[in-house]
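Q: I am new to this structure and would like a close look at a single part of it, taken slowly and in connected sentences.

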Amino acid sequence: IIVQAYASLGGQDSGKKTWNALGGKLLERKEVKGIAEKYDRTEAQVLLRWATQQGFGVIPKSSKVENMMLNLEATVDEKWEYVSAEDSQEKKIGLDEK
């Protein structure tokens, strides 16, 4: 059984407006931005890479070909660095808390 990360980039909340209670939009969190800057990747790539490293299946939504290619690179490119536990600071980011 593979667990699917539904709305992997946080889009599921768009109608509920509960981002603030959860620490803000995933793509705008300072912790995610810092990791993206360190690895010279996009925030979306960091979130997708983290999820795939945890063994989750991801299906990111995008209508732009460029973003589709970046998303694919983050999930399947073997040359792409892994986001280490120290970098991801799961507890600080809150990815494992909810």
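This is a predicted model: local features need pLDDT of at least 70, side-chain atom pairs count only at pLDDT 80 or more; totals for chains, interfaces and linings use all residues.

Which side chain meets that of Glu43 in a salt bridge?

A: The side chain of Glu43 meets the side chain of Lys33 in a salt bridge, with 3.5 Å from N to O. This pair links distant parts of the chain, since Lys33 belongs to helix H1 and Glu43 to helix H2, and the two residues are 10 apart. Lys33 has a relative accessibility of 38% and therefore counts as partly exposed, and Glu43, with a relative accessible area of 23%, is partly exposed as well.

From Glu43 we can turn to the helix itself. Helix H2 covers residues 43-53, and because 8 of its 11 residues are buried, it is largely enclosed by the rest of the structure. The buried residues are Ala44, Gln45, Val46, Leu47, Leu48, Arg49, Trp50 and Ala51. For Trp50, the relative accessibility is 10%, which lies under the 20% limit for a buried residue, so this residue counts as buried.

The structure holds 1 aromatic pair, and it is formed by Trp50 and Phe56, whose ring centres lie 6.4 Å apart and whose planes make an angle of 35°, an arrangement described as tilted.

Asp40 has a positive phi of about 55°, although it is not a glycine. With a relative accessibility of 66%, over the 50% limit, Asp40 counts as exposed.

The loop between H1 and H2 holds Arg41 as well. The side chain of Arg41 meets that of Glu73 in a salt bridge, with 2.3 Å from N to O. Because Arg41 lies in the loop and Glu73 in helix H3 (residues 65-76), this pair ties together parts that are 32 residues apart in sequence. Arg41 counts as partly exposed, its relative accessibility being 27%, and Glu73 is partly exposed too, with a relative accessible area of 28%.

How many salt bridges does a search of the whole structure find? It finds 3, and besides the pair of Lys33 and Glu43 and the pair of Arg41 and Glu73 there is one between the side chains of Arg29 and Glu31, with 3.5 Å from N to O. Both Arg29 and Glu31 are buried, whereas Lys33, for example, is partly exposed.

Val65 lies in helix H3, and together with Met68 and Met69 it forms a nonpolar patch on the surface, the three having about 310 Å² of accessible area together. Val65 itself counts as exposed, because its relative accessibility is 60%.

Key
Residues are numbered from 1 along each chain as its sequence is written. Side-chain values use heavy atoms; hydrogens and water are left out. Buried means under 20% relative accessible area, exposed over 50%, partly exposed in between (1.4 Å probe, protein chains only). Helices (H or I, at least four residues) and strands (E, at least two) are DSSP runs, numbered from the N terminus. Rings of Phe, Tyr and Trp (its six-membered ring) pair if their centres lie within 6.5 Å; planes under 30 degrees apart count as stacked, over 60 as edge-to-face and the rest as tilted. A salt bridge is a side-chain nitrogen of Lys or Arg within 4 Å of a carboxyl oxygen of Asp or Glu. Patches are made of residues with over 30% relative accessible area and no salt bridge: like charges are joined within 9 Å, nonpolar side chains (Val, Leu, Ile, Met, Phe, Trp, Tyr) within 5 Å. Accessible areas come from the Shrake-Rupley method with a 1.4 Å probe; for residues, only the protein chains shown count as cover.
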